[in-house]
Each structure stands twice: as structure tokens, then as C-alpha cells.
Amino acid sequence: MALEESRVELTEEKMEKMAILPDNNNNSDQHETTPKSKKKGGIITMPFIIVNEAFEKVASYGLLPNMIFYLMNVYHLEAAKGVIVLSLWSGISNALAIVGGFLSDSYFGRFRVIAFGTFCSLLGTSLLWLTSVVPALKPAPCAKSSSESCSSATPIQFLVLFGSFGLISIGAGCVRPCSLAFGADQVSNKDNPNNERVLDSFFNWYYASTGLATIIALTVIVFIQDKFGWPIGFGVPVCLMVLSLVAFFFGSPLYVHVKVKDSLFIGMFQVPVAAFRKRNVILPPLDAEELFFGGNNGSAKKVPSDNLRCFNKACVIVDPENDLKPDGSPSKPWSLCTVERVENLKSILRIMPMWTTGIMMLVAMNNSYTTLQAKSMNRHISPKFEIPAGSFTVFSVVTITFWVAFYDRAVVPLMSKFCGMPRGLTPKVRMGLGLLLSCVALIVAAIVESVRRKAAIKEGLQDNPRGVLDMSAMWLVPQLVLLGLAEGLNAVGQIEFYYSHLSKSMSSIAMAIFTLGMAVSSIVGTLLVELVDTITSTGGKISWLSSNLNKGHVDYYYWLVAILCFINFVYFLVCCRLFGSSGSHTSHKKSDDDIVEHESEKGIMAYLSHQCFILNLLPGSKMGFTALNSSTAPAN
């Protein structure tokens, strides 16, 4: 999805940034060579783009932490049903992030997609705000005398609520995948001798504004909702989205617009279709280079590899006169693909087992029960101030931010000096450590919840789910810190693993794979919560995931997820063993120019890991940087 396009020279120091830098060669649709068009873009456009992205993040992120309370207290959903709704919202949002990037790269361009997404986000937040101020759009409040008198929402009321969620997801799916790349389009100018410094300045300001926006969303916006209620708490994000839209359009006369390109994503689908169409074709020997379509772009890959031979038929030339145009390009791209494209698909299929190992950890990250636990505990840090329950996720955000900086600045240099490991721990080691830490975090969460539940029962709060027990909510911090460390290790390890085992031209696919994992984890988490809630409530029993945490057993749920995470860790070890034994078959051996050096990864990987955690943790959110621009690769 659209984070990036490659530009300038292939140096090791800037390989990672190349993936997000635009290619200014013949890609701009500025008005040909008029002097006026050359004045477009530049640093003057940075404030408009950064304000658009930052305000969108504050608005949307600020809605998420307390949304479980809105669903339970206003729409009278059970806790399990609320978690399911938010998990599905998260899954849809992540999927739309891939779609948004694809549409911007291949059809509409980034400006139109960002503008459309910002407008959709404004509509979504406005519609959500209306549900808090218009009585007809929400169920009647519960009678104070009995919880049994709560009326459920009507289908129309749910339609309006879920419609607002959908619009916000569409908006986020259009804005966040494109914003950074669109900014790079504006400030990148290879003819400028200070181009590198300008780009670095833009990246730094962009990442800083994103981090600040996240902190403000998780603290200030959540505090406003707790202190002043839903109408004001939802109204502030609406105002921010209005400012975001105005800021973006205000700078529109200054923007550079980059032309759309062919998408790598389409190419991945063309290979199996072409192979199926040629299923009856006999494969020629692999040394018959002239019978395979190597492409006309100077690709080094002239013949396919011997593994996954069924896909090799996609690049077999059956009839040169009919299969190829005079310029050497395929006359029917859905019937003939290049060898490189076939090998790219094989590379993806080879890493998929490793990809599946990250799904269970993302399931562990994405739940709202920590917020519900915090609500039932003593959150005061002074007699007059208490931390909002929805703001406890900030502990994990701060943890992962400091961990990434500490790892890059302290751990890696020490390992390089004393252990001879200049890049620190390998991606697979970090992935495994992250999986183990997630198990430990869930065990800690289960123990803390067991203690919290026993204390609530001892204080006579078993039948009072809104009661606050005299146990500090700071007991939840250790599990949040451990989850932050787990994500910082596993998520960044995953991304680096994909980058190191896929060709340089597939950076877009690498990020799309990670985003897809987040979407799948949301679906898996939804199914798990539904199964646990249904099975444990059979026969009239109280569900483990009851809205009354003091009667339910969320601790049992944590133990269950911890066991599943440990089984997943064992599965990860098996995948590492199998992947290691098949590593010699890979067709994408990295050249020196393809290796992403650790020094060049620091800023971007810090940003990626930071956003990964936030987007895994906050239900209904999506990946803000996901899937790099499919136009990073040259068309085959």
C-alpha cells in the first residue's frame, strides 16, 4: 500500500528510505515543463500534510480506548459482544488499508484517495457524534432500579452506529497508507543538492507529529470523554477532522501529483491464473532460457527455480508471435508472466508459514478487557486526579518507544562490539523472543486478574460490576509493559524478516503481508471470544467473559490465550527449522545492494514498530503505514 516509491541511487545507507521515496523520473503529472509547475511541492507543503495526518490520528485514535464503554453503557451490549464488534472493526480497517493503498497506486492517485478518506473520516466521526446527542439514534437509558429493564438498540440505531464505524475505517484506510508517501512526493527533488537533508527533515517531523498525536489521543481525548461525557468527547474529534480536511485542501494548489502505475498486487494474482490457463502445457527443461519469458526490463532472472514447479508454466512462452507484442511485452498479461513475477510469488508462499506464527500474538494484543479491568480498580495517582481507564494503553506505547530507541542505541552497539553481531539479534530470534514474552505477559495478566477478582468478591462487589475496589490499577502496568516489549521484538522482527527474504522490489508486498496478519488476527480473535463466550455460558452458567468481571473469569480466558500462545511458539520453532532447511532453495539471494543495513532502518523501524503496537492494541484501528507502495517495483 502506498508508503513509498523508490528513487535515486542504490546505496546501503539509504535502502530502507528508498522504499518510501518517490521516483521523479517521468512520473509527475505536473503541467509538462511550464515554469509554474516546477514551483509545486517543496517544504511549504509539509505543514498541510502533517496537520492532516496528525489531526486524523488524534481524532480516530481518541475514539478507540473508551469505545467498549460506549457500546456497553449506551448501546447495552455485553462485554463479549462489544469486544467482537471492535475486533471486526479492526479487521475491516486493516483490510481497507491494503485496498486504499492499492487504489491510490493503481487508479486514483494519492491526492484523491487522501481527500476522499479525510472526508469519509469527517462523516464517520460526525455520525458517531450524532449518536451521542440525538436520542432517537441510541437506546433509551437503563432504569436505575434494575439492569433488566435496559432496552436493546433497534436495527436502525445499530445501522447508524456501524455506519459511522465503516466510514471511519474507510477514511483511515485511505489516509494513513498514502500520507507519508504523498509527503515524500512533495519534498523529494533529486536535482536539489540538499534533497537528502530535506527528506530527513520531513520524515523526522512526520514521525514526531505522529507520536505526539498518539499520546494526545490516548490521554487528552480520553480524559475529555471521561470528564465531560460523550457529546463533547466525540465532538472534539469532529472539530479536529474539520481542521484536517481544511488544512489538506488549503495546500492543494501547491501539491505535486504523481501518476499511477501498474500494481504488484495484481501481478501476484496474474501468476496463478496464467499457470492454471496453461495447466496442460508441458514444462520445458529449466536450461531452455529462450522458452521462458524473462521480461524486457533487464531482469537477471531468466529461468524459474525448480521448487513449486506448478507456477513455472505461467512464464512459459507457447507461441512467441501470439504471446508477445513487437516491443517484447506480453500481449496477454493474465496468460504470460515474467520469471521474476513467478519467483516473487514463490517467495511469498515460502514465508507464509512464518507469517502465520505472528497471528496468535496479535490476538493476544487486541482485547478490551484490560480497559474494563482498569475501570473497576483504583486509578488515583493523587487525591484529586485519576488516570482514565482508556489511557492505560499509553504505558505500552511509551514502553515500545523507549525499547526501540534503547535497542538501537545501546543493545546493538554492545552486541556488535562484544558478540560480533553488527545488526544485533536476527529477525527470527526477535520474533521468537516476542512470542515468549507475550506468553509471559498473559500469564501475568491472568494472575493479576485472579487477584483482582478475589479482592472484589472479598469487598462485596460480586454483584456490583460498576463498583471500584481498593486495589491499585497500577498492577496492570507490568503486563502492559511486557506486551509492549513483545510487540517491539516480534513486529519489527517480522518486518525485517520479510524484507530480508523478499526481493527489494517487493517491499510493498512485505508490508501488505504484515497488515494482512493484523486483519486475520482480528477475525481469529473474534472467533475465539465468540467460542469462549458461547461454550462457557451453556446451561445457564455465567460466561468467563461476562460483563460483570467479578462474576466472570477473565483470568481463565487469559490462561487459555497464554496456552495457545505457547503452542504457537512451539509451532514457530518448527517453522524456523523447516524454513532453515529450505532456505537454500530461495530464488531471492540478497546482493549487497539489496541488504537493508541496520543503521538505515533505525528511524523507519522505530516508527513502524511504534505504529504496529498502537494499531494492534487499539480495537478498530488500522495500520497507518501499512503496505508500501506497489509502484516501488518496476513493471514487469
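Leaving aside residues up to four places away in sequence, Tyr-70 touches Tyr-75, Leu-128, Thr-131, Ser-132, Leu-161, Trp-230 and Phe-234. The model is predicted, and local features are reported where pLDDT is at least 70.

Tyr-70 also belongs to the largest nonpolar core, which has 106 residues. Within that core, Met-67, Tyr-70, Leu-128, Tyr-369 and Tyr-498 touch the most other members. Helix 19 (residues 554-582) supplies the largest share of this core, with 11 residues. There is also a second, separate core of 11 residues, and among its members are Ala-115, Cys-174, Phe-182 and Phe-248. In soluble globular proteins, nonpolar side chains tend to be buried together.

## The chain as a whole

The protein chain has 20 helices and two strands. Of its 636 residues, 57% are buried. Among contacts in the protein chain with a separation of 6 or more, 81% are between residues 24 or more positions apart.

| Helix pair | Crossing angle | Axis distance | Handedness |
|---|---|---|---|
| helix 3 and helix 9 | about 160° | 8 Å | left-handed |
| helix 6 and helix 7 | roughly 150° | within 7 Å | left-handed |

Helix 3 (residues 46-63) packs against helix 9 (residues 230-250) at an angle of about 160°. Helix 3 is therefore roughly antiparallel to helix 9, as angles over 145 degrees count as roughly antiparallel. On the helix 3 side, the residues that meet helix 9 are Phe-48, Val-51, Asn-52, Phe-55, Glu-56, Val-58, Ala-59 and Leu-63. On the helix 9 side they are Phe-234, Pro-237, Leu-240, Met-241, Leu-243, Ser-244, Ala-247, Phe-248 and Phe-250. By class, this contact of helix 3 with helix 9 has 14 nonpolar, two polar and one charged residues.

Phe-234 is one of the residues touched by Tyr-70, and Phe-248 is included in the second core.

For helix 6 and helix 7, the axes come within 7 Å and cross at roughly 150°. That angle makes helix 6 roughly antiparallel to helix 7. The contact of helix 6 with helix 7 has 20 nonpolar, 10 polar and two charged residues.

## Loop residues

Where is Thr-154 found? Thr-154 is in the loop between helix 6 (110-133) and helix 7 (155-187). Its relative accessible area is 36%, so Thr-154 is partly exposed. Pro-139 is 15 residues away from Thr-154 along the chain, and the C-alpha atoms of these two residues are separated by 7.4 Å.

Is His-76 buried or exposed? His-76 is buried, because its relative accessible area is 17% and the cut-off for buried is under 20%.

With a relative accessible area of 35%, Leu-308 is partly exposed.

Methods
Residues are numbered from 1 along each chain as its sequence is written. This is a predicted model: local features need pLDDT of at least 70, side-chain atom pairs count only at pLDDT 80 or more; totals for chains, interfaces and linings use all residues. Side-chain values use heavy atoms; hydrogens and water are left out. Helices (H or I, at least four residues) and strands (E, at least two) are DSSP runs, numbered from the N terminus. Buried means under 20% relative accessible area, exposed over 50%, partly exposed in between (1.4 Å probe, protein chains only). Axes are lines fitted to C-alpha atoms, for helices over the stretch in contact, and angles run from 0 to 180 degrees between N-to-C directions. Angles under 35 degrees count as roughly parallel, over 145 as roughly antiparallel, 65 to 115 as roughly perpendicular and the rest as oblique. A crossing is left-handed if the near helix is turned anticlockwise from the far one by less than a right angle, and right-handed if clockwise. Contact means heavy atoms within 4.5 Å. Ala, Val, Leu, Ile, Met, Phe, Trp, Tyr, Cys and Pro count as nonpolar, Asp, Glu, Lys and Arg as charged, and the others, Gly among them, as polar. A nonpolar core is a set of buried Ala, Val, Leu, Ile, Met, Phe, Trp, Tyr and Cys residues joined through side-chain atoms within 4.5 Å.
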